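Subject: Structure for you to look at, with notes

Dear colleague,

I am handing over the structure we spoke of, and below it you will find my notes on what turned up when I went through it. Please read them with the coordinates open beside you.

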Amino acid sequence: MWKITYRVHRQKGNEPPHYETFQVEVDPEEYVLDGVEKIWASEDRSLTFRHACHHSTCGACGMRVNGVEKLTCITKIKDVVQDGGTLTVEPLRNFPVVSDLVVDLGPLYRKMAAVQAPAVHALSMTPWEGQNIAPPADIPMRSADEEYIRLPDCIECGICISACPVAATDPEYFGPAPLAAIQIQGLDKPELLALADSQEGVWRCHSAFECSAVCPSNVDPGRRIMDLRRQVSAKRLKLA
Amino acid sequence: MEPQKNDPKNLWDWFNPKGRNVGGWAFILNRIAALGLVFYLYLHLFVLGKLAQGPQVFDQFIATAKSPLYILGELLVIAAALYHGLNGVRVLLTSFNIGVPQQKQMFYTALLLSVLGTLVFAVRMFTVH
Amino acid sequence: MQSTPKTGETFWLWFTKIISGAFILFILAVHLTVNHFLAPEGLLTHTEVVAYFQNPLVVFMEAIFLFLLVLHSLLGLRSILLDLRPAEKSRRVIDIIIILFGVFVSLYGLWLLNAVRTMGS
């Protein structure tokens with residue numbers, strides 16, 4: 001077992017934020033979220049944080065670990081701190097803090113709704129890295145030209161928005177996840193083209209690619225924004 | 001949609017390299033270079049106005065501008081221009097989804113070429129003019 | 001959200017910024033090579049500068065360079081300011097200042113080019 005120090009961002013109501021430290025005994029193979037739960041269970045029941053599935057499906061436990069956005073349920077303690085070291089845990093940036101480590105992801109959800117982010121999409125729209133995912137052979141298809149569908153990779157955790165330097169100063173910019181959701185659907189719907197091409201759309205990205213660096217779910221939003229840019233440019237230049 | 005409050009304090013997030021990745025550094029350097037170059041461009045145009053005031057005014061100014069401090073400043077401008085331009089090529093290509101998976105290597109290349117180019121100009125400026 | 005007017009960043013402004021940047025990089029290479037490597041005095045004497053600008057091709061290149069730089073720098077500056085999410089009113093003021101400044105600097109640059117060019121005749 002390791003003895004490490006958790007330095008936790010605390011903030012209730014309108015009070016100014018402060019940091020509180022907790023000594024925690026952990027197995028280095030455990031995850032950052034496990035340590036946070038231990039603090040809650042045995043040290044301070046007033047510590048608030050979000051989590052549900054513990055296996056990177058729900059997207060609830062996004063936090064900043066030592067200043068970097070992480071999905072804490074899949075971030076191993078041994079990968080971010082050494083025995084005897086200190087681990088700083090903070091809420092995501094660029095969202096209003098509700099309490100301690102909990103932020104209001106409402107602005108992201110409203111943007112995802114505005115871009116009609118799909119609950120499922122065709123397998124062919126899977127991220128570039130996963131294009132060789134083989135469809136399960138034993139699933140019956142209704143017709144020969146019907147496409148296999150899958151859940152989108154985006155778990156709407158808000159980590160990409162937290163890492164985006166443009167979102168840092170402009171909350172109205174759509175940001176990585178919503179623009180990636182447009183790219184996955186293509187630009188056939190005129191309302192999606194209008195949103196991608198709007199003043200909150202693809203032209204605002206400054207190519208820092210921080211979103212792709214921190215995305216825990218293989219969405220690669222940076223590349224999708226760039227591809228969206230290529231598509232919209234082609235349309236505006238009447239090349240497509 | 002209920003508008004979110006803009007926090008100008010976050011301006012620091014544009015420039016803070018802590019926790020940033022390779023693409024983030026590229027953006028930070030690009031923005032710093034951009035702001036520096038905008039300032040230099042208009043200063044440069046203003047100073048060049050001395051050309052219209054005749055040979056005496058201009059040549060006298062150049063004489064003062066040949067000090068090492070001015071040359072260092074000028075080298076900084078050259079470094080910023082080279083980096084901003086070469087990283088601009090990276091931004092242009094990736095903006096049309098060309099080479100996005102290689103964006104880190106492109107950044108390192110732009111940085112390396114900028115450093116080398118600046119060194120070449122430094123040698124030239126300190127030895128010739 | 002759908003009704004947001006396209007008053008901030010737009011495709012054409014972004015595209016102009018990208019394309020002008022590409023041309024600037026090209027002319028900058030010429031500009032730096034001439035100033036620091038080809039000109040015997042490094043274009044650091046009044047006489048040499050005036051002589052250099054007797055070539056109409058140089059005057060043309062420098063005029064285009066100036067125009068592209070003003071365009072690119074002001075569009076870029078505007079993008080940075082837009083990242084700060086100015087209120088609609090402030091954004092209009094920013095736009096007016098940027099346009100007036102751009103026109104003024106372009107005219108000043110052309111006047112200066114002509115002044116230097118005619119000093120040689």
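Predicted model: local features only at pLDDT ≥ 70, side-chain atom pairs only at ≥ 80, totals over all residues.

Chain A as a whole

Chain A holds nine helices and nine strands, and its C-alpha atoms fill a box of roughly 60 × 45 × 25 Å when the principal axes are used. Of its 240 residues, 46% count as buried. Among the contacts in chain A with a separation of 6 or more, 65% are between residues 24 or more positions apart.

The chain is divided into domain 1 (2-103) and domain 2 (106-236), and the centres of these two domains of chain A, taken over C-alpha atoms, are separated by 28 Å. Where they meet, 14 residues of domain 1 of chain A are in contact with 15 residues of domain 2 of chain A. On the domain 1 side, the elements that give two or more residues are β3 and β4 of chain A, and the largest share, three residues, comes from β4(A). By class, that side has six nonpolar, five polar and three charged residues.

The five-stranded sheet

An open sheet of five strands in chain A has the order β2-β1-β5-β3-β4, with mixed pairing. Its edge strands, each of which pairs on one side only, are β2 (18-26) and β4 (68-71) of chain A, and neighbouring strands are turned by 35° against each other on average, direction ignored. Within this chain, strand β3 (residues 62-65) and strand β5 (residues 86-90) of chain A run antiparallel and are joined by two bridges, with A:Val65 standing opposite A:Val89 in β5(A). Helix α1 (residues 32-42) of chain A lies across β1 (2-10), β2, β3, β4 and β5 of chain A, and runs at about 105° to β2(A).

Leaving aside its neighbours within four places in sequence, A:Cys160 is in contact with A:Gly175, A:Pro176, A:Ala177, A:Cys211, A:Val214, A:Cys215 and A:Pro221.

The contact between chains A and B takes 22 residues from chain A and 22 residues from chain B. On the side of chain A, α3 (106-114), α5 (165-169), α8 (210-214) and α9 (221-236) of chain A each supply at least two residues, and the largest share, seven residues, comes from α9(A). By class, this side of chain A has nine nonpolar, six polar and seven charged residues.

The contact of chain C with chain A takes 14 residues from chain C and 15 residues from chain A, and the side of chain C divides into five nonpolar, five polar and four charged residues.

One residue of chain B

B:Phe121 has its place in helix α5 (residues 103-127) of chain B. Is B:Phe121 buried or exposed? B:Phe121 counts as buried, because it has 20 C-beta neighbours inside 10 Å, and the cut-off for a buried residue is 20 or more. Not counting residues up to four places away in sequence, B:Phe121 touches B:Leu75, B:Ile78 and C:His36. B:Phe121 and B:Ile78 are 43 residues apart in sequence, and their C-alpha atoms are 8.0 Å apart in space.

With best wishes

Terms used. Residues numbered from 1 in each chain as written. Chains lettered and ligands numbered in written order. Contact = placed C-beta atoms within 7 Å. Helix = DSSP H or I, 4+ residues; strand = E, 2+ residues; numbered from the N terminus. Nonpolar A, V, L, I, M, F, W, Y, C, P; charged D, E, K, R; others polar. Buried ≥ 20, exposed ≤ 12 C-beta atoms within 10 Å, placed from the backbone. Pairing = 2+ DSSP bridges. Axes fitted to C-alpha atoms, helices over the stretch in contact; angles between N-to-C directions. Domains from an automatic or database assignment.
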